Amino acid sequence: MEIRSVTLFTESTFDATKAEVFYENARSSFHVPVQTTRLATTPYPTWWKPNHYTSTQVKEFIEPWEKAGADFLSLGPFMLAHDDSWIDEILTIIE
């Protein structure tokens, strides 16, 4: 048996360097292997301005989390209450 994933849920503004210990402990604290570590933020439409994406901004957000030990990142959920235009922005964010 393996643990599929250990996820850190936090605000997008949380300092990724402070999460490094969390990810290290997530991989070493269990008696079975942990396959992946992940980050999940609050809903991205609440903290990322639409039409302000650049590959540099996305890279600047992702790199510290990868260095801290996150294998996968979730920019948070899209809620039904959010403006539908955000759906179109997803492709720009993940390219």
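**Figure 1. Val-34 lies in strand S2.** Strands are DSSP runs of E with at least two residues, helices are DSSP runs of H or I with at least four residues, and both are numbered from the N terminus. This is a predicted model, in which local features need pLDDT of at least 70 and side-chain atom pairs count only at pLDDT 80 or more, while totals for chains, interfaces and linings use all residues. Residues are numbered from 1 along each chain as its sequence is written, and side-chain values use heavy atoms, with hydrogens and water left out. Val-34 counts as buried because its relative accessibility is 10%; buried means under 20% relative accessible area, exposed means over 50%, and partly exposed is in between (1.4 Å probe, protein chains only). Apart from residues up to four places away in sequence, Val-34 touches Ile-3, Val-6, Ala-26 and Arg-27. A contact here means heavy atoms within 4.5 Å. The C-alpha atoms of Val-34 and Ser-5 are 6.2 Å apart, although 29 residues separate the two along the chain.

**Figure 2. Ser-5 belongs to strand S1.** Ser-5 has a relative accessible area of 22%, so this residue is partly exposed. Its contacts, leaving aside neighbours within four places in sequence, are Thr-36, Thr-37 and Arg-38. Between the C-alpha atoms of Ser-5 and Thr-36 the separation is 4.7 Å, and the two residues are 31 apart along the chain.

**Figure 3. Three strands form an open sheet in the order S1-S2-S3, with parallel pairing.** Strand S1 (3-10) and strand S3 (72-74) are at the edges with a single partner strand each, so one side of each has no neighbour in the sheet. From one strand to the next the twist averages 25 degrees. Axes are lines fitted to C-alpha atoms, for helices over the stretch in contact, and angles run from 0 to 180 degrees between N-to-C directions. Two strands count as paired if DSSP finds at least two bridges between them. S1 and S2 pair in the parallel sense over seven bridges, and Val-6 stands opposite Thr-37 in S2. Strand S2 (residues 34-41) also pairs with S3 in the parallel sense, over three bridges. In this second pairing, Leu-39 stands opposite Leu-73 in S3. Strands of a sheet pair through backbone hydrogen bonds, either parallel or antiparallel.

**Figure 4. S1, H1 and S2 make up a right-handed β-α-β unit.** A crossover is right-handed if, with the strands pointing away from the viewer, the path from the first strand over the helix to the second runs clockwise. Read along the sequence, the whole chain follows the pattern β-α-β-α-β-α. In total there are three helices and three strands.

**Figure 5. The chain holds two aromatic pairs.** Rings of Phe, Tyr and Trp (its six-membered ring) pair if their centres lie within 6.5 Å; planes under 30 degrees apart count as stacked, over 60 as edge-to-face and the rest as tilted. The rings of Phe-14 and Trp-65 are stacked because their centres are 6.4 Å apart and their planes stand at 25 degrees. This pair links distant parts of the chain, with Phe-14 in the loop between S1 and H1 and Trp-65 in helix H2 (residues 55-68), 51 residues apart. Phe-14 counts as partly exposed at 35% relative accessibility, whereas Trp-65 counts as buried at 2%. Phe-22 and Tyr-23 form an edge-to-face pair, with 5.3 Å from centre to centre and 75 degrees between the planes. Phe-22 is partly exposed, with a relative accessible area of 30%, while Tyr-23 is buried at 2% relative accessibility.

**Figure 6. Ser-12 is found in the loop between S1 and H1.** Ser-12 has 13% relative accessibility and therefore counts as buried. Beyond its neighbours within four places in sequence, Ser-12 is in contact with Thr-41, Thr-42, Trp-47 and Phe-61. For the chain of 95 residues, 32% count as buried. Among contacts in the chain between residues at least 6 apart in sequence, 77% join residues at least 24 apart.
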